[in-house]
Amino acid sequence: QKGGPVVIILITLLILLVTYVIERSLTIGRARGAKPIPVFMQEFREHLRAGNITLAIEACEQQKGSTANVLRAGLERYLALQNSNLSQDKKQAEIQRAIEEANMLETPLLERNLIVLTTIASIGTMVGLAGTTIGMIRAFQAMAHAGAPDAGELARGISEALINTAGGLFNGIGGIVANNYFMNKVSQFQFATDEAVYEMTQLLVVIGEK
């Protein structure tokens, strides 16, 4: 109440920030899958080395998550092409296309709403600055009175300016930190997926040569 009407906007932005941080945390948690990725990859690798594609697909279905979904798409396309008359190169191209299509579906889910965090960080700072300016205007108006300045209005204006500054900084810093954190998580997922896909394709080549 002491911060003036602009604080309502800052509080709204803060609520949105917390909401989207929780939403992104839950989404990233689901994208990780049922087990840690290294544990899942160890099981997945063992099934492929044994030449058991069906068990590898079942492991992906049980794991769920972004990496597992991409790997499963590649293995399902591999099984579908087993009895086809395509050359080995064309089969590899079809498998790669299935992997890329699955990856294109998973990436937007990981990156969704990150732009909102960046927007909140930018808007929060600007709204805080607007509230600070309004508070300082109120303070200077109190000082402009003839004779002694209105001490109550002066203190109220300075207090309003500082409260809005703090709110704007909190939204800005929180939004930037959250966005960078989740962007780093998305990059880690993409790197882990690329690594897993490369390993899977190499093992499929070995299986195809047997």
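Contact here means heavy atoms within 4.5 Å. By that rule, and leaving aside neighbours within four places in sequence, L75 is in contact with F44, L48, I53, A56, I57, M200 and L204. This is a predicted model, where local features need pLDDT of at least 70, side-chain atom pairs count only at pLDDT 80 or more, and totals for chains, interfaces and linings use all residues. Residues are numbered from 1 along each chain as its sequence is written, and side-chain values use heavy atoms, with hydrogens and water left out.

- Buried means under 20% relative accessible area, exposed over 50%, and partly exposed in between (1.4 Å probe, protein chains only).

**Helix α3 and its end**
- I53, A56, I57, A59, C60 and Q63 are the buried residues of α3.
- They lie on the same side of α3 because they cover an arc of only 155° around the axis, taken from the directions from the helix axis to the C-beta atoms.
- After α3 comes K64, with a positive phi near 60°.

**A buried threonine**
- T193 lies in helix α7 and counts as buried, at 4% relative accessibility.
- Not counting residues up to four places away in sequence, T193 touches T67, V70 and N103.

**Salt bridges**
- The whole structure has seven salt bridges, each a side-chain nitrogen of Lys or Arg within 4 Å of a carboxyl oxygen of Asp or Glu.
- R45 and E199 meet in one of them (2.2 Å, N to O).
- That pair links distant parts of the chain, with R45 in helix α2 and E199 in helix α7, 154 residues apart.
- R45 is buried at 16% relative accessibility, whereas E199 is partly exposed at 25%.
- Salt bridges that share partners join E23, R24 and R112 into one network.
- Within the E23 and R24 salt bridge, the closest N and O atoms are 2.8 Å apart, and R24 is buried with a relative accessible area of 0%.

Note on methods. Helix = DSSP H or I, 4+ residues; strand = E, 2+ residues; numbered from the N terminus.
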